[in-house]
Amino acid sequence: MAQNDTPPQPVVQSPNMARFLSWLMKKGGMHNLKRCERKWEREGINIEGSIRELDRSVITIETSRGEKVVRLTDWAWADQWVSYYDQKIPHHRQTQRLEK
């Protein structure tokens, strides 16, 4: 993406956070906060802290069925940042088979 094609604020500061957004989109836009933290702490992302820095209009931490969950609220915004950092996770049918 060209520099002038940067999506509007709030800014996603790292490719790792963009990978998290891509993963969350693939999971349906909502996932258990504790599981997110366990998976992404290895990548150096403090999920709860990073989400709290972003605007609630794009991603939130909510309570669902008595558990904290991360919920993506602005899919277009997330898709722009995932594309900007080239971190899209392909659907399993979009992957290519390796030739033997």
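## Salt bridges

Search the whole structure and you'll find five salt bridges, a salt bridge being a side-chain nitrogen of Lys or Arg within 4 Å of a carboxyl oxygen of Asp or Glu. Before we look at them, a quick word on the model: it is predicted, so local features need pLDDT of at least 70 and side-chain atom pairs count only at pLDDT 80 or more, while totals for chains, interfaces and linings use all residues. Residues are numbered from 1 along each chain as its sequence is written, and side-chain values use heavy atoms, with hydrogens and water left out.

Start with Glu43 and Arg19, whose side chains meet in a salt bridge at 3.4 Å, N to O. Glu43 sits in the loop between α2 (33–41) and α3 (47–53), and Arg19 is in helix α1 (residues 15–26), so the pair ties together parts that are 24 residues apart in sequence. Helices (H or I, at least four residues) and strands (E, at least two) are DSSP runs, numbered from the N terminus. Glu43 is partly exposed at 32% relative accessibility, and Arg19 is partly exposed at 27%. Here buried means under 20% relative accessible area, exposed means over 50%, and partly exposed is in between (1.4 Å probe, protein chains only).

Next up, Glu48 forms a salt bridge with Lys68, with 3.8 Å between the closest N and O atoms. Glu48 belongs to helix α3 and Lys68 to strand β3 (residues 67–72), so this pair ties together parts that are 20 residues apart in sequence. Glu48 is partly exposed, with a relative accessible area of 22%, and Lys68 is partly exposed too, at 43%. Bring in Arg52 and you have a network: Glu48, Arg52 and Lys68 are linked by salt bridges.

Glu62 and Arg71 make another pair, their side chains meeting in a salt bridge at 2.9 Å, N to O. Glu62 has 24% relative accessibility, so it counts as partly exposed, and Arg71, at 31%, counts as partly exposed as well.

## The largest pocket

The largest pocket holds about 180 Å³. On a 1 Å grid over the protein atoms alone, a pocket is an open set of points where a 1.4 Å probe fits, with protein on both sides within 12 Å along at least five of seven lines; lining residues have an atom within 4 Å of a point. Grid points are joined across faces, edges and corners, and the volume is the space filled by probe spheres set on the points.

Among the lining residues are Val11, Met17, Glu43, Ile45 and Glu53. Helices α1 and α3 each supply at least two residues of this lining. By type, the lining divides into five nonpolar, five polar and two charged residues. For that count, Ala, Val, Leu, Ile, Met, Phe, Trp, Tyr, Cys and Pro are nonpolar, Asp, Glu, Lys and Arg are charged, and the others, Gly among them, are polar.

## Helix α4 and the whole fold

Take a look at helix α4 (residues 75–84), where the buried residues are Trp77, Ala78, Trp81 and Val82. Seen down the axis of α4, they fall within an arc of 135°, so they line one face of the helix. That arc uses the directions from the helix axis to the C-beta atoms. These buried residues pack against α1 and β3, where contact means heavy atoms within 4.5 Å.

Zooming out, the protein has four helices and three strands, following the pattern α-β-α-α-β-β-α along the sequence. Buried residues make up 33% of its 100 residues.
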